[in-house]
Amino acid sequence: MNRFLMSNLTWKEYQEKIKMGILIIPIGSIEQHGPHLPLGVDSEIAENFALIIAEKVGGVVAPTLTYGYKSQPNSGGGPIFPGTIDLNGSTLIDLCKDILTEFLADGWQRILIMNAHYENEAFLAEAVDLLLRNQTTPFPKVVLANWWDNISASTMTKLYDEVEFRSWALEHAALAETSLMMYFCPELVGSEPIDEDFIPPTYQTFPVPKTAVPASGCLYTAKSSSAEKGRLIVEDVVRNFEVILGKEFA
Ligand code: ZN
Ligand code: MN
């Protein structure tokens, strides 16, 4: 039983953590991740990072938000595939605002939003900005971060030793996410080798054409993924988050 999950705490246990603790809100999506990974990859990764960081810093992990903003063809495969269940931008902004409003009313001063779905970022930033833009005190404070932006350059070199890194948009269901899933929940990773090499268009068309992305749903190769690379990412990202939270929430 995990003692860092808010849903496992009584209200009294939860209340005791508020004053000095850090609340971590994991946000993912439910979205196709190719033939080798489950639909919940982004949510699974967000929650696993949140739980490890919570253990390091004495935090509380809020229930994971398992729906996200619309998957885009050039960063998630888009709406073409079954199992990609998306929110409108305004819904995600309102949802995030409502949840944050409640946590702030409970008295949280330090909140980390751990995002793991590429397309969410601007809408999460909008929700936080609409809530805090008129605040004149430094606290309560919200840190909004994507795990992939917090991998050190030296770790990137070790990860992309066999294939070159293209972009985080194309990394959907590719080496980084596959390696993280092999590390966090290997029982959910299929063995089918994925080796796409998709050159995305430099523009978008609407309605989204059925042929916009490879039929596998992957945008780039997952070759050379491993649980060991997953471990490298986790240790590096968690270390970097400890530094960030120490600095921002001091
Ligand atoms: Zn993903
Ligand atoms: Mn995603």
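First, the conventions. Residues are numbered from 1 along each chain as its sequence is written, and chains are lettered from A, with ligands numbered from 1, in the order in which they are written. Because the model is predicted, local features need pLDDT of at least 70 and side-chain atom pairs count only at pLDDT 80 or more, while totals for chains, interfaces and linings use all residues; side-chain values use heavy atoms, leaving out hydrogens and water.

E31 lies in the loop between β1 (22-27) and α2 (41-57), and D42 in helix α2, so the pair ties together parts 11 residues apart in sequence. Helices (H or I, at least four residues) and strands (E, at least two) are DSSP runs, numbered from the N terminus.

Are E31 and D42 buried or exposed? E31 is buried, at a relative accessible area of 1%, and D42 is buried, at 2%. Buried means under 20% relative accessible area, exposed over 50%, and partly exposed in between (1.4 Å probe, protein chains only).

The axes of α2 and helix α7 (residues 175-184) cross at roughly 60° and come within 10 Å. Axes are lines fitted to C-alpha atoms, for helices over the stretch in contact, and angles run from 0 to 180 degrees between N-to-C directions. Contact means heavy atoms within 4.5 Å. On the α2 side, V41, D42, E44, I45, N48, F49 and I52 meet E177, L180, M181 and F184 of α7. By class, that contact has seven nonpolar, one polar and three charged residues.

Finally, helix α4 (residues 89-106) packs against helix α5 (residues 121-132) at about 45°, with axes 8 Å apart. Among the α4 residues in this contact are L92, I93 and C96, and among those of α5 are F123, L124 and V128.

Note on methods. Ala, Val, Leu, Ile, Met, Phe, Trp, Tyr, Cys and Pro count as nonpolar, Asp, Glu, Lys and Arg as charged, and the others, Gly among them, as polar.
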